[in-house]
Amino acid sequence: MQTNSAIHVHGLLKHYGNRPVLRGIDLELPWGEVLSLFGPNGAGKTTLVRLLAGLTRSTSGSIRIGGFDPERKGLEVRRLLGVVTHQTFLYDELTAQENLRFYARMYGLGNADDRIEEVATTLGITRYLNARVRTLSNGMQKRVSLARAVLHRPRLLIFDEPEAGLDQEALGLVETLLEAHRLEGGSAVVTTHNVERGLSIADRVIILSNGRISYDEGAQDIEATSFRETYRDRTGVQL
């Protein structure tokens, strides 16, 4: 039951105890679009990402991923999603290849070794496949985590500050990956603090402030300097 919307969110609220973190989010993301999500620390970005990824539950409101309710159709949603957060979701004592084979089995991938070789080549991790994850640098673990996220060819990517821990070469690979994903009709949500990168990869830009969407515009005609001014006006924080 997939729809024309990769994401449909209505009236989304999230409280931790008595503390409101998200205060009524409405969001629609069509297939084939990349959304850059900006906001200061504490604005609710990571909470929104975790809700979209099915890693936590909302207090109220509705979320649909490809038309599916994550709480009722978790398996269908997980097949659609490729998620990268500050956690790698890798097993430290396994090699990179063993981790990727584990996730390939979980998603029922055929020709898993061929697909692992493909994503390893794309992300420059081929020479590290036989290394235990705990022996890899933070940057290389992040690359393996990216390989894990795209291994099953998900239609919706959710990347929470993917640039953290990556060098310039790896950042270029992520941008290339996102562009290819969009051209194939996939969608993505990317949180970032980097204005130039966020604007360059996105079709649309949102600013979260105090748990609410305070800005939502197409990215094509936004200039970095004016966006920084808008960000300061909407959040009270210099970007």
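Good morning, colleagues. Please bear in mind that the structure before you is a predicted model.

I begin with the overall architecture. Eight helices and nine strands make up the secondary structure of the chain. Along the principal axes, the C-alpha atoms occupy a box of roughly 50 × 40 × 35 Å. As for contacts between residues at least 6 apart in sequence, 69% of them join residues at least 24 apart.

Let me turn to burial and surface. Buried residues account for 51% of the 239 in the chain. The accessible surface is about 11400 Å², and carbon and sulfur atoms contribute 45% of that area. With regard to charge, there are 29 positive and 29 negative side chains, and the centres of these two sets are 8 Å apart.

Which residues touch the most other members of the largest nonpolar core? They are Ile125, Phe159, Leu178, Val205 and Phe227, within a core of 45 residues. Helix H5, residues 138-150, supplies the largest share of this core, namely six residues. Taking Ile125 as an example, and setting aside neighbours within four places in sequence, we find contacts with Leu100, Ala120, Met140, Arg143, Val144 and Ala147.

Finally, there is a second, separate core, which comprises 29 residues. Among them are Ala6, Ile7, Trp31 and Leu80.

Thank you for your attention.

Key. Residues are numbered from 1 along each chain as its sequence is written. This is a predicted model: local features need pLDDT of at least 70, side-chain atom pairs count only at pLDDT 80 or more; totals for chains, interfaces and linings use all residues. Side-chain values use heavy atoms; hydrogens and water are left out. Helices (H or I, at least four residues) and strands (E, at least two) are DSSP runs, numbered from the N terminus. Buried means under 20% relative accessible area, exposed over 50%, partly exposed in between (1.4 Å probe, protein chains only). Contact means heavy atoms within 4.5 Å. Accessible areas come from the Shrake-Rupley method with a 1.4 Å probe; for residues, only the protein chains shown count as cover. Lys and Arg count as positive and Asp and Glu as negative; His and the chain ends are not counted. The place of a charge is taken as NZ of Lys, CZ of Arg, CG of Asp or CD of Glu. A nonpolar core is a set of buried Ala, Val, Leu, Ile, Met, Phe, Trp, Tyr and Cys residues joined through side-chain atoms within 4.5 Å.
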